[in-house]
Number of protein chains: 2
Amino acid sequence: MFKALADPSRRELLDRLHAEAGQTLGELCAGLRMTRQAVTKHLVLLEDANLVASVRRGREKLHYLNPVPIGEIYERWIGKFERHRLRALHELKKGLEEES
Amino acid sequence: MFKALADPSRRELLDRLHAEAGQTLGELCAGLRMTRQAVTKHLVLLEDANLVASVRRGREKLHYLNPVPIGEIYERWIGKFERHRLRALHELKKGLEEES
DNA sequence: TTGACATGCAACTGTTCAGTTGCCTATTAT
DNA sequence: ATAATAGGCAACTGAACAGTTGCATGTCAA
């Protein structure tokens, strides 16, 4: 999941799917300086990470952004860290003062 | 930043720093089946990604979790996607119905 | 000062991974 | 039926990267 988000190409695919849902593979390829097969591989990773859902319609494959797991980042990391945000910054400041 | 979060070892380091701030390199190494140098490399990446701040105190180096950039994920991705969450799910459902 | 401790730097290795090329399958339209 | 379209599969290449080993630097304590 984090690995899936690590690649710029995949983030761009997510952005494109966010801009317009239900795009086919060919549509997603248009404008990208990448082979269709490369895009396919990225989409496979994104689907494995549950970030994208796909539906076959005839010979086409429609792709949809799944916002749920991204929301889970918030639950797992942000909430967790934000809770201690001020405290951590305070500790950092204190550490810097001890240094000088 | 996303790349920095992509590695499990680095996420564990973040968890450890979250559990206890201001740990030295040696403390962070304890219990990890990894060389000290490997941990150093991870910490360099985390610092480059601005996820960790470090302070030298004598011969030791203290490490602190920086929660700010993780908060920015929320601003950039979660908010962006959550805003359209229900809509995207609706689109997905509609696509599935067209399929059947 | 000298030894022990905490960290930094550099070269090397094996693996993972992004992207390509080439070919195959399935569906639509004429 | 057949040609064009949309996508899938597999092998290969090159680069990035995680982790290692070996040595060097700097700092504390006796």
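Biologist: What makes up the secondary structure of chain A, from the N terminus on?

Modeller: In this predicted model, the elements of chain A run α-α-α-α-β-β-α-α. That comes to 6 helices and 2 strands.

Biologist: How much of chain A counts as buried?

Modeller: Of its 100 residues, 25% do. As for contacts in chain A between residues at least 6 apart in sequence, 49% join residues at least 24 apart.

Biologist: Let's go to α4(B). How do you know that its length agrees with what a helix of 13 residues should span?

Modeller: Just set one value against the other. At 1.5 Å a residue, α4(B) should span 18 Å, and its end C-alpha atoms are 18 Å apart, so the two agree.

Biologist: Which residues of α4(B) are buried?

Modeller: Those are B:His42, B:Leu43 and B:Leu46. They cover an arc of only 100 degrees around the axis, so they sit on the same side of α4(B).

Biologist: What do the buried residues of α4(B) pack against?

Modeller: Within chain B, they pack against the helices α1 (2-6) and α2 (8-19), plus the strands β1 (52-57) and β2. Just after α4(B) comes B:Asn50, with a positive phi of about 65 degrees.

Biologist: Now the DNA. What makes a residue count as near a strand?

Modeller: Its C-beta atom has to lie within 6 Å of the strand. Around DNA strand C there are 20 such residues, and A:Thr35, A:Gly58, A:Arg59, B:Thr24 and B:Gly26 come nearest.

Biologist: Which element gives the most to the surface near DNA strand C?

Modeller: That's α4(A), with 4 residues. Chain B joins in too: its α3 (25-29), α4 (36-48) and β2 (60-65) each supply at least two.

Biologist: Which residues come nearest to DNA strand D?

Modeller: Of the 19 around it, A:Thr24, A:Gly26, B:Thr35, B:Gly58 and B:Arg59 do. From chain A, α3 (25-29), α4 and β2 (60-65) each supply at least two. This surface divides into 3 nonpolar, 9 polar and 7 charged residues.

Conventions:
Residues are numbered from 1 along each chain as its sequence is written. Chains are lettered from A and ligands numbered from 1 in the order in which they are written. This is a predicted model: local features need pLDDT of at least 70, side-chain atom pairs count only at pLDDT 80 or more; totals for chains, interfaces and linings use all residues. Ala, Val, Leu, Ile, Met, Phe, Trp, Tyr, Cys and Pro count as nonpolar, Asp, Glu, Lys and Arg as charged, and the others, Gly among them, as polar. The expected span of a helix is 1.5 Å times one less than its number of residues. A residue is buried if 20 or more other C-beta atoms lie within 10 Å of its own, exposed if 12 or fewer, and partly exposed in between; C-beta atoms are placed from the backbone. The arc is that of the directions from the helix axis to the C-beta atoms. Two residues are in contact if their C-beta atoms, placed from the backbone, lie within 7 Å.
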